[in-house]
Amino acid sequence: MPRAGHLEVRNPPRSGSFDEVSNDSSISCLYLAKRSRTTGKAVHLESHDALESLEIAVANMAEFVVLLGGCDRMSRRPYDVYLYTENFMFGRHAEKQKLLSFLLQHSDPHGDHAPAILPVIGGASVGKKTLVAHVCGDKRVHSRFSSILHLNGDSFMRILDNGRSMFGMVLVVITFSSDIGDDDWKKFHSFVITMGRGSKIIIISRLQSLARFGSVKPIFLTVLSYDELRYLFKTLVFGSVDPMQHPRLVEIADEYVKVLHSTQGSLVAINMFADVLRRNLNVQFWRGILERGLRMVKRNLSIYSVHPTILIEQGHPVDITDFALHPLSMTRYTVNVSTKKESPSVTFGQLITDPSVRPKEDFILISWESRIPPHTSFARFVTSHAQDTHEGPGRKRRGVPM
């Protein structure tokens, strides 16, 4: 303890202690400097490697872009890429690509002259003709073939007499509604061998037996899946209207989809109902048409013990009294019957919304007209059976009021 009046002088720290502090500080600074240089060098190397990789990727991008230019464009939205105001084909991406590849593929120069044959097989109204017409409309297909012939099973043999003047590569599209004999096919095939090398044949039919004439694996078209059908129907039936604004109609639309899918609903039936319902977004209207359709199915099952979809496919009459509110029978329309050519016509939409437009005589019922190539019109011939007996594949009985 210092005494009063005296100043205490403390000894300075020993030089050794000072040196120790200085040395420790110098070592720390040197370490940080070395670490900084090492880290900076590593970052520089990483940046250089990344830049080099990026330059290589950019250099290869030109070849990648050229490669993409030769590929068919695909959408990330598979359900609506071909759906725009009902004027484009819906879906069928894989089938379209397979058919297009078949038509654009070059023939083996060392092989024989026999044209390649691709059968397109599927049920009624699943889009076989639409698919083929869509692909045949591709500009690459048009530029490849000198001519494209569309024939049917009843007249395809006429090519033997009228097709001898054809030159170059020819694409022949034949639609068969019934099977043909092997002898007829051999005659036809013997002729098409004389066509230009690279000519090709597409067979369109519901019959799987015709797949035996194919030289490549057939394309089998099936009905749309439930999800595809549901998406397509709602898009068609609501159009540009937001379905969320009509929750009750959405529920009824789901009921339509369930009925259509359970009966292997065709694209014709989907478009036929959607075209009518879209014109009147009313709950009672939608429900009324659905109930009339269910009654129509019930009536035909009661009369024929067969679903009306099967009846019409097999060429049997279908009772449509519940749709027309008058005893009417509908059968497949045969164009070559002269008495039917002069018959008046009525659309399904007109008949179901206003039954009074029904002609007094027999008439042609236009179920639906496709807006895309080949612009097929799906027609049925309708007769009155007020006094007739029902004759179908099942039992016979008179019209039964439901």
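**Salt bridges**

I started at R295, which is partly exposed, with a relative accessible area of 33%. My scale here: buried is under 20% relative accessible area, exposed is over 50%, and partly exposed falls in between, with a 1.4 Å probe and protein chains only. Before going on, I note that this is a predicted model, where local features need pLDDT of at least 70 and side-chain atom pairs count only at pLDDT 80 or more, while totals for chains, interfaces and linings use all residues. Residues are numbered from 1 along each chain as its sequence is written, and side-chain values use heavy atoms, leaving out hydrogens and water.

What does R295 pair with? D322 forms a salt bridge with R295, and their closest N and O atoms are 3.8 Å apart. For a salt bridge I require a side-chain nitrogen of Lys or Arg within 4 Å of a carboxyl oxygen of Asp or Glu. This pair links distant parts of the chain, with D322 in helix α12 and R295 in helix α10, 27 residues apart. Helices are DSSP runs of H or I with at least four residues, strands are runs of E with at least two, and both are numbered from the N terminus.

D322 counts as buried, at 6% relative accessibility. D322 also meets R299 in a salt bridge, at 2.8 Å from N to O. Here D322 in helix α12 and R299 in helix α10 are 23 residues apart, again linking distant parts of the chain. I checked the cover too: both D322 and R299 are buried. Through shared partners, salt bridges join R295, R299, D319 and D322 into one network.

How many salt bridges does the structure hold? I get 11. Another one of them is R287 with E255, whose closest N and O atoms are 2.8 Å apart. R287 lies in helix α10 (residues 283-304) and E255 in helix α8 (residues 247-262), so this pair ties together parts 32 residues apart in sequence. R287 counts as partly exposed at 30% relative accessibility, and E255 counts as partly exposed at 30% as well.

**Aromatic rings**

I searched the whole structure and found 8 aromatic pairs. Rings of Phe, Tyr and Trp (its six-membered ring) pair if their centres lie within 6.5 Å; planes under 30 degrees apart are stacked, over 60 edge-to-face, and the rest tilted. W185 and F213 have ring centres 4.6 Å apart and planes at 20 degrees, so I logged them as stacked. W185 sits in helix α6 (residues 182-192) and F213 in the loop between β4 (200-205) and β5 (219-221), so the pair ties together parts 28 residues apart in sequence. Both W185 and F213 are buried.

F323 and F348 are edge-to-face, because their ring centres are 5.5 Å apart and their planes are at 90 degrees. F323 counts as buried at 6% relative accessibility, and F348 counts as buried at 5%. Ring pairs link F233, Y256, F273, F323 and F348 into a cluster.

**Surface patches**

Last stop, the patches. They are made of residues with over 30% relative accessible area and no salt bridge, joining like charges within 9 Å and nonpolar side chains (Val, Leu, Ile, Met, Phe, Trp, Tyr) within 5 Å. L51, L54 and V58 make a nonpolar patch of about 290 Å². V58 lies in helix α1 and is exposed, with a relative accessible area of 55%.

Key: Accessible areas come from the Shrake-Rupley method with a 1.4 Å probe; for residues, only the protein chains shown count as cover.
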